[in-house]
Amino acid sequence: MEGKLKLEIVSAEQELFSKEVEMVFAPAEMGEVGITPKHTPLITRLKPGDVRAQISKDEIETFYVSGGILEIQPNEVTILSDTALRGEDLDEERALEAERLAQDAMKNSGNDIDAAKAKSELLQAAAQLRLIKKLKNKGKK
Amino acid sequence: MSSSKEIRTQISSIQNTQKITKAMEMVAASKMKKVQDQMNKARPFAEKITNVMSHLAHAHPEYESEFLTQRDVRKKCYIIISSDRGLCGGLNNNLFKQVLEEISKDKAKGIESTFSLVGNKASSFFQRVGGNVIAQTSHLGDKPTVEQILGVITKTIANYLEKNFDEVYIVYNTFVNTVSQLPNLKKILPIVIEEKISTYDHYWDYLYEPDAEEVLESLFTRYIESLVYRAVVENLACEQASRMVAMKSASDNAMDLIAELKLIYNKNRQAAITQEISEIISGAAAL
């Protein structure tokens, strides 16, 4: 085996793995792929499953990914891993939930933003803060 | 002048408040550290995905997608990221003020606004003032995850793709330092890819599996998600910093108040003693 691959597995929340490896196996959407150095640039989605990184002949590390994107450059493999289980149904469910929460929250208010009311409310808050500051300075004198 | 007993109870109640604000200050300080860590941990993903995107822009300059196409702006959507809890100074109000300014500028140009909200404070603000809110989430806690904000993002992106609005912005506080947080407005859709100077000067392109459109769509979605997630985490760091500062000044104020009240209390006590002595002396003199 000549050359090594730089494998990086990152999720939006943290970096999971970053090391030179000999070979990577990943659960791509169209079937599992094995990647060795000098692979053609490729970009594909991942299914939930295990990513295996062969660091040396007898050292293999396994990571579970719940999906994501696999990007391959000749000497670099990047896995943008998802942290949450995805899928159209699940995503839609989450979207509907967010929408429902919004509707619940806005049940009693108009569809159009009441600029005057908003402004007065912010002014009030700002005035309170100013007053507190003033009182504090007065106390210091 | 109030009686000594009254002043004493007042002092002890202020001392109790001070204990609470002090504790909150320390809790906020330690939480802030943790959130800053979380902020740093999110960086590699953002760098990687930006890299992939700029490779793409290089490989595929003619590629067209709804995610990238500029449209005439008639409607805008703001994803507003606020805190869940209060007692953090003017953090949220400054943010809302910025949003209002933006909206009134838009209104003058005839642009309508839609909102997606993250955090309790934003939803209660818009509850009171009204507005077209399409999605909302709150109670993210001290360690927000991507999953918690996925609903809002998915809903917003879906609406964007259906052309219900032409531009999407996120509004959140940026962490300058512990004492300074600035409200910030950032355009996230359509995506503007910064083309980095690539090391590959010959033309090349990826192989896409199953096909370019699908892969790119999920790539763009994740890019937006990571942007919003980072904004949420940064805003949380701001919240903790702002709370720390607010609680510190509250503790200081309590200390000032206590000092003042103690002075009055001691004066009172002395006056009472003096009075007592003079009564005894004048009594003795009368004998």
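The legends below describe close-up views of a predicted model.

Figure 1. Chain A of the predicted model contains two helices and seven strands. In sequence order its elements follow the pattern β-β-β-β-β-β-β-α-α. Of its 141 residues, 42% count as buried. The mean pLDDT of chain A is 81, and 87% of the residues score at least 70. Within chain A, strand 3 (residues 23-28) has the highest confidence, at 90, and helix 2 of chain A has the lowest, at a mean of 73. Where pLDDT is low, the predicted coordinates should not be read in detail.

**Figure 2. The aromatic pair B:F67 and B:F220.** Over all chains the count of aromatic pairs comes to eight. In the pair shown here, the ring centres of B:F67 and B:F220 are 5.4 Å apart and the planes stand at 50 degrees, so the pair is classed as tilted. B:F67 belongs to the loop between helix 2 (43-59) and strand 1 (75-81) of chain B, while B:F220 belongs to helix 6 (residues 212-286) of chain B, so the contact ties together parts that are 153 residues apart in sequence. B:F67 and B:F220 are both buried.

Figure 3. B:F115 and B:F126 form a tilted pair, with 4.6 Å from centre to centre and 40 degrees between the planes. Strand 2 (residues 112-118) of chain B carries B:F115 and helix 4 (residues 120-129) of chain B carries B:F126, so this pair ties together parts that are 11 residues apart in sequence. Both B:F115 and B:F126 are buried. The two rings belong to one aromatic cluster, formed by B:Y78, B:F96, B:F115, B:F125, B:F126 and B:Y169.

**Figure 4. Arginine over aromatic rings in chains A and B.** In chain A, A:R52 lies over the face of A:F25, at 4.6 Å from the ring centre. In chain B, B:R71 is placed over the face of B:Y160, at 4.6 Å from the ring centre.

Figure 5. One cavity of 30 Å³ or more is found in a search of the whole structure. The volume of the largest cavity is about 80 Å³. It is lined by 12 residues, and those closest to its centre are A:A12, A:D82, A:R86, B:V146 and B:E225. Helix 5 (146-161) and helix 6 of chain B each supply at least two residues of this lining. Helix 6 of chain B gives the most, with three residues. By class, the lining of the largest cavity has five nonpolar, three polar and four charged residues.

**Figure 6. The largest pocket and its lining.** The largest pocket has a volume of about 1,700 Å³. Of the 50 residues that line this pocket, A:L129, A:I132, B:G89, B:G90 and B:A246 lie nearest its centre. Two or more lining residues come from each of helix 2 (115-140) of chain A and, in chain B, helix 1 (4-41), helix 3 (91-108), helix 4, strand 5 (180-189) and helix 6. Helix 2 of chain A provides the largest share of the lining, 15 residues. In chain A, this helix is also where confidence is lowest, at a mean of 73. The lining of the largest pocket divides into 19 nonpolar, 21 polar and 10 charged residues.

Note on methods
Residues numbered from 1 in each chain as written. Chains lettered and ligands numbered in written order. Predicted model: local features only at pLDDT ≥ 70, side-chain atom pairs only at ≥ 80, totals over all residues. Heavy atoms only, no water. Phe/Tyr/Trp six-rings, centres within 6.5 Å; stacked < 30°, edge-to-face > 60°. Helix = DSSP H or I, 4+ residues; strand = E, 2+ residues; numbered from the N terminus. Buried < 20%, exposed > 50% of the residue type's maximum accessible area, 1.4 Å probe, protein only. Lys NZ or Arg CZ within 6 Å of the ring centre and 35° of its normal. 1 Å grid on protein atoms, 1.4 Å probe; cavity = no way out; pocket = protein on both sides within 12 Å on 5 of 7 lines; lining within 4 Å. Points joined across faces, edges and corners; volume = space filled by probe spheres on them. Nonpolar A, V, L, I, M, F, W, Y, C, P; charged D, E, K, R; others polar. pLDDT = per-residue confidence, 0-100.
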